[in-house]
Amino acid sequence: MNSITLNKCRFFSYHGVDEQERVVGNHFEVTLKVYCPMDSAMTSDDLDGTVNYAALYSVVEREMAVPSKLLEHVAHRIIEAVKRNFPTVTGGEITISKLRPPFHCDLQSVDITIAW
């Protein structure tokens with residue numbers, strides 16, 4: 001299966017259950033993998049035969065800028081925007097990581113992953 005992956009895109013965004021998180025913000029990483037046909041691009045060397053990953057990144061960036069309480073909600077918005085804007089995408093997987101959870105802990109990140 002052919003795929004395009006945006007690996008560990010970094011954002012400073014305002015997501016969190018606590019109101020304070022939506023005020024002060026936090027660091028996040030997003031990894032988005034989309035499945036799409038590429039046969040035409042492989043033979044023609046034409047961008048129209050694949051998904052433009054710069055445009056894909058713009059969708060992620062736009063949705064990460066909208067504050068939400070839950071990362072699951074952010075992921076859902078990104079998935080729906082990908083489906084709307086890239087009709088050749090047949091599925092994918094998204095992981096959103098909160099790099100500095102707002103509680104005392106010794107961990108690298110808290111991640112949610114949704115496949116569709």
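**Group meeting talk: sheet, salt bridges and cysteines**

Let me start at one residue: asparagine 7 is exposed, with 57% relative accessible area. Here, exposed means over 50%, buried means under 20%, and partly exposed is in between, with a 1.4 Å probe and protein chains only. Before going on, the ground rules. This is a predicted model, so local features need pLDDT of at least 70, side-chain atom pairs count only at pLDDT 80 or more, and totals for chains, interfaces and linings use all residues. Residues are numbered from 1 along each chain as its sequence is written, and side-chain values use heavy atoms, with hydrogens and water left out.

Back to asparagine 7. It sits in strand E1. Helices (H or I, at least four residues) and strands (E, at least two) are DSSP runs, numbered from the N terminus. Tryptophan 116 is 109 residues away along the chain, and the two C-alpha atoms are 18 Å apart.

Next, lysine 8, also placed in strand E1. Its phi is near 50 degrees, a positive value in a residue other than glycine. Most residues other than glycine have a negative phi. Lysine 8 is exposed, at 52% relative accessible area. Aspartate 45 has a positive phi as well, near 60 degrees, and is not a glycine either. Aspartate 45 belongs to the loop between helix H2 (39-44) and H3. Its relative accessible area is 74%, which counts as exposed.

Now the sheet. Two strands pair if DSSP finds at least two bridges between them.

Strand E2 (residues 26-35) and E3 run antiparallel and are joined by 8 bridges. Valine 30 stands opposite isoleucine 96 in E3.

On to charges. How many salt bridges does a search of the whole structure find? The count is 5. The criterion is a side-chain nitrogen of Lys or Arg within 4 Å of a carboxyl oxygen of Asp or Glu.

Take glutamate 63. Its side chain meets arginine 62 in a salt bridge, at 3.8 Å from N to O. Glutamate 63 is buried, at 9% relative accessibility. Arginine 62 is partly exposed, at 42%. Glutamate 63 also bridges to arginine 77, with the closest N and O atoms 2.8 Å apart. Arginine 77 lies in helix H4 (residues 71-85) and glutamate 63 in helix H3 (residues 53-64), so this pair ties together parts 14 residues apart in sequence. Arginine 77 is buried, with 15% relative accessible area.

Another bridge joins lysine 83 and glutamate 80, at 3.4 Å, N to O. These two are 3 residues apart in helix H4, which means about one helical turn between them. Lysine 83 is partly exposed at 42%, and glutamate 80 is partly exposed at 29%. As for networks, shared partners join Arg62, Glu63 and Arg77 into one.

Now a nonpolar patch. Phe103, Leu107 and Val110 make a nonpolar surface patch of about 240 Å². Patch residues have over 30% relative accessible area and no salt bridge; nonpolar side chains (Val, Leu, Ile, Met, Phe, Trp, Tyr) are joined within 5 Å, like charges within 9 Å. Areas come from the Shrake-Rupley method with a 1.4 Å probe, and for residues only the protein chains shown count as cover. Leucine 107 is in the loop between strand E3 (91-98) and strand E4 (110-115). It is partly exposed, at 37%.

Last, the cysteines. A disulfide is a covalent bond between the sulfur atoms of two cysteines. The cut-off used is a pair of cysteine sulfur atoms within 2.5 Å. That rule gives 0 disulfides. Cysteine 9 is buried, at 9% relative accessibility. Cysteine 36 is buried too, with a relative accessible area of 5%.
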